[in-house]
Amino acid sequence: MKQAIITIFLSVLTFVLCACSGDGITDTYWRDDKTGEWLIGLTEDKLFYDCKAWDIASKDESNGTFAILANDGNAKLDISFGTEQDGKRTVTIGGKQYGCSLIDGWCLPDYPKKDPCDTIADNHYAAGDSVTIEGWVVNRLPGIFSRIGNMLGQEAKNGKKVTVEMMANILTDEELTFTAPIDSVGHFTLRMPIVNTTSFLLDCGRKNVSIVAEPDETYFLTIDELQGKVLFMGRNARLQNEIRAHHIRMNAYGSDQLEAIGDFTAILDSVKTQTKAAMRELNIMCHEHPTLSGRYRTYYRNSILINGMSNLMRAKFMAPNYEFPEAYMKAVEEDYWQKLAEPYTLEAYTFTYFFNNYSEQLQQKARSKIDYTLKWIVNQAEKDGIVSLSAREREAVAQYDAAFPAYNEKLKSAPDSLREAINAEFEQNDFVTVVNEIISREGYQDYANTKFTQRDLAYLLPEMNAQGWSQTTQDIFLSRYFCHLLRGECKPLDKSLLDFAEAHIHAPAALSAVRALSDKYEQLTHFMLDNEDCFKSNDIVKGMSDGEAIFQKIIEPYRGRLILVDVWGTWCGPCKAQLSHCQEEYERLKDYDVVYLYLANRSSDQGWKNVVKEYQVAGKNVVHYNLPEHQQKAVEEYLGVQGFPTNIVFGRDGKLHKVLDFPLDIEAVAGLLEKM
């Protein structure tokens, strides 16, 4: 009911304001009948022409004709509009005449001639490219009408900014968001880096605009909120206008829908049917609108294929060990993946989801051939002089390898309520105690991580070649692989791994992304915090194994104070997102006698410190511990940690008071501390 009232109100408002606009030329937009392009548009005080907004200096009317003088601060422009006949006028700009038609719909009509070009820009993933969006939001609700709209819940989602959403960097597997302010007259300029032609959603408040951006292009658009128009101007704006006018919608399959469909054969049939229907709709659209460009067909053909691939790979949760049937994967590859045209960035957001799941199949296949026993890595470490083992320690490693599979299987199949007991039972074995001591030795964990990665890559490379992956696909995979590794460990790549990247990644932007991230962590390694003493030594709990005893020993110096515990890890994205707001938290809670205790899970010493430095998680009342894995696990079992990050408040008596919700609500924490 409320939405209906809002819609009626805005419709009436649009009619009233348009009716009151006065002279018959204000708030109108005109296309060149010969080229079909949007040529010129006028508001009360602005004129849009030649991908620029001009100030209207004067506007004179005589018997339905108009003479306009405009300037852009550097040049002047003389424009005349002839009398209107059936929505057409002769427009003269700088002495040149154009036959023009009024654009009376919400988008640009079909172009008069077909553009046969079907090639979309592909820079082959070169580094350093960008795109610029030059935009104007006009006819925003003025004065009292805007306030009424806000009271009815119709305020712009962002208000005074535009936001790029649903965009991803396929080379780094990161979701990207960019924003730009809208100034007081409705203008914004958004410039952002892209690695190749890509698509994204531009959220302008009351309007969302789909944009396909090619490298080093500038797009000029006007968003008329009252008329509902979105128009692109310029030499390379045709694809934008065609997509806006003739959108083909494709559905994403959710997990519930996939489960309802049934087995993999039925899912494959369903997705193929949807794909064929979308391709049929594309063909019908191009038949009914014969002047649609070849680039329009190329774009939507790729979009349909990527959407189909993504839907098929969403069914991984239904597959045992996330491994799809061979026939299913063959269909994904032959009917979709091999038919997809480059650049793959064209639908980067959806492609990223597909590629994560698709490449996971290759990784599982390669890793099934790898020896993952503890004996293998310990023997390698001993050969390279990282550790030295006694006969007793070798026997403990053998016992560990023999017992681990059954323990791991038992743990995976057990309910959460029993996992703590299963862990505790396994940790009580003497051979586990010996193994924990071995893997806690200085230098072992970093060595083991590098060695495992080297071996991983040694198996993956032949598998990619056997699968027939192109060099571009291998570049994308390896770039993402190393970026995941870097973001997880938060330290620079070992020289051997960097050498591997240099030798096997050919795309400039892909290799540049890996180098830049590695360099970032290299610089952090050498950066010194003002409060370096926030990093605490593990010596005070050396030799201890009971989780409660370890934790109580750590907080002993802080008894009588409130303690906020944060259990996190360098590999955990949500954990680092929370840490990035730590200074806001410290400022808000500065009036309380609080100690912030951070406990890192499965994080290397270098990576642990780098994250603390990156987000400035430091202060006189900040304490950081990076315990050996077995001790950290014991503490987490005592604290009841079920996920990451976990935030817990301890009272002045050293007893657990409350486990906080995620994401952390700083105001709620302040209220809790006030009561305590």
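Strand 17 (562-568), helix 18 (573-579), helix 19 (582-588) and strand 18 (594-600) each supply at least two residues to the lining of the largest cavity. Helices (H or I, at least four residues) and strands (E, at least two) are DSSP runs numbered from the N terminus. Strand 17 contributes the most to this lining, with three residues. The model is predicted: local features need pLDDT of at least 70 and side-chain atom pairs count only at pLDDT 80 or more, while totals for chains, interfaces and linings use all residues. Residues are numbered from 1 along each chain as its sequence is written, and side-chain values use heavy atoms, with hydrogens and water left out.

The largest cavity holds about 90 Å³ of space. Of its 13 lining residues, Leu564, Asp566, Glu585, Asn647 and Leu664 are the closest to the centre. On a 1 Å grid over the protein atoms alone, a cavity is a set of points where a 1.4 Å probe fits but cannot get out, whereas a pocket is an open set with protein on both sides within 12 Å along at least five of seven lines; lining residues have an atom within 4 Å of a point. Grid points are joined across faces, edges and corners, and a volume is the space filled by probe spheres set on the points.

The second largest pocket has a volume of about 860 Å³. Among the 27 residues of its lining, the closest to the centre are Met166, Ser210, His247, Tyr299 and Glu347. Helix 6 (294-313) is one of the elements that supply at least two residues, and helix 6 gives the most, with six.

Two aromatic pairs are tabulated below. Rings of Phe, Tyr and Trp (its six-membered ring) pair if their centres lie within 6.5 Å; planes under 30 degrees apart count as stacked, over 60 as edge-to-face and the rest as tilted.

| Pair | Centre to centre | Angle between planes | Class |
|---|---|---|---|
| Tyr400 and Phe404 | 5.7 Å | 20 degrees | stacked |
| Tyr586 and Tyr596 | 4.6 Å | 50 degrees | tilted |

Tyr400 and Phe404 are four residues apart in helix 10 (residues 391-413), so about one helical turn separates them. Tyr400 is buried, with a relative accessible area of 19%, and Phe404 is partly exposed at 30%. Here buried means under 20% relative accessible area, exposed over 50%, and partly exposed in between (1.4 Å probe, protein chains only). Because Tyr586 lies in helix 19 and Tyr596 in strand 18, their pair ties together parts that are ten residues apart in sequence. Tyr586 is buried at 12% relative accessibility, and Tyr596 is buried at 2%.
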